Amino acid sequence: MQQNDTLLTGSQYRHLYFGYTFQKGYKPYKTSNRAEEMTKYYRGEGITEKDVPAGIKLFREILEENPFDLRAMNYLVYMYRLVKDENMAQKTACNFHGLLGAILASGDGMKCETAFHVISVTDEYVLLNTFQMAMKSQSITGKCDYIVFEKDQYKVPGLYFDISRFYGKILD
């Protein structure tokens, strides 16, 4: 995946994504020591066209730290497109969509028993953002995070995300 192999299958993406939780480096609540720098790019604060190559370097380094940071990966696709590197944009997008597909294949999100499984809370927000869904509130229900939408805004009142992979990893 880190070599941008576009031939990975859905099954391989599921193994990579969920298998990462068994790695020593997996820390579901860890934030990068470069989070402030990343946020500047996410918000576009003072970022100009000349900052894009440095941003690409930053987000590539973030993905070396955590190859499953979906938000960083998605933003990297955007930045590659800004510099018209469509080849790298497509390869990175392939990984992003493969990992997003792993989450979507894990359940339907309609109830806790059939929730989408995620390995990071930020992955919930990436999924919502990808489908342009805005949340009203959020709560923990058993082993699930429940995202509530405004009444009648979407065909469903909310989505469940199984966060049980985090248990036992909070203090690591």
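Tutor: The answer below begins with the whole protein, turns to the sheet, and ends with the parts around it.

This is a predicted model, in which local features need pLDDT of at least 70 and side-chain atom pairs count only at pLDDT 80 or more, while totals for chains, interfaces and linings use all residues. Residues are numbered from 1 along each chain as its sequence is written, and side-chain values use heavy atoms, with hydrogens and water left out.

The protein has six helices and four strands. Helices (H or I, at least four residues) and strands (E, at least two) are DSSP runs, numbered from the N terminus. From the N terminus on, the order of these elements is α-α-α-α-α-β-α-β-β-β. The radius of gyration is 16 Å, close to the 16 Å that the globule rule gives for 172 residues, so the protein is as compact as a globular protein of that length. Here the radius of gyration is taken over C-alpha atoms, and the globule rule is 2.2 Å times the number of residues to the power 0.38. The C-alpha trace spans about 45 × 35 × 35 Å along its principal axes.

Of the 172 residues in the protein, 40% are buried. Buried means under 20% relative accessible area, exposed means over 50%, and partly exposed lies in between (1.4 Å probe, protein chains only). Among contacts between residues at least 6 apart in sequence, 53% join residues at least 24 apart; a contact means heavy atoms within 4.5 Å.

Now to the sheet. Strands of a sheet pair through backbone hydrogen bonds, either parallel or antiparallel. In this protein, four strands form an open sheet in the order β1-β4-β3-β2, with mixed pairing. The edges are taken by β1 (116-117) and β2 (137-141), each of which has a single partner strand, so one side of each is left without a neighbour in the sheet. Two strands count as paired if DSSP finds at least two bridges between them.

Strand β4 (residues 158-162) pairs with strand β3 (residues 144-148) in the antiparallel sense, over five bridges. Within this pairing, Asp145 has Phe161 of β4 as its bridge partner, and Val148 has Gly158 of β4. Strands β4 and β1 run parallel and are joined by two bridges. Phe161 of β4 is also the bridge partner of Phe116.

Lys111 lies in the loop between α5 (86-104) and β1, and its relative accessibility of 45% makes it partly exposed.

Leaving aside residues up to four places away in sequence, Arg81 touches Glu86, Ala89 and Gln90.

Two loops complete the view. Gln132 is found in the loop between α6 and β2. Its phi is near 50°, a positive value in a residue other than glycine, and Gln132 is exposed, with a relative accessible area of 70%. Asp152 has its place in the loop between β3 and β4. Phi of Asp152 is near 65°, again a positive value in a residue other than glycine, and Asp152 is exposed, with a relative accessible area of 68%.
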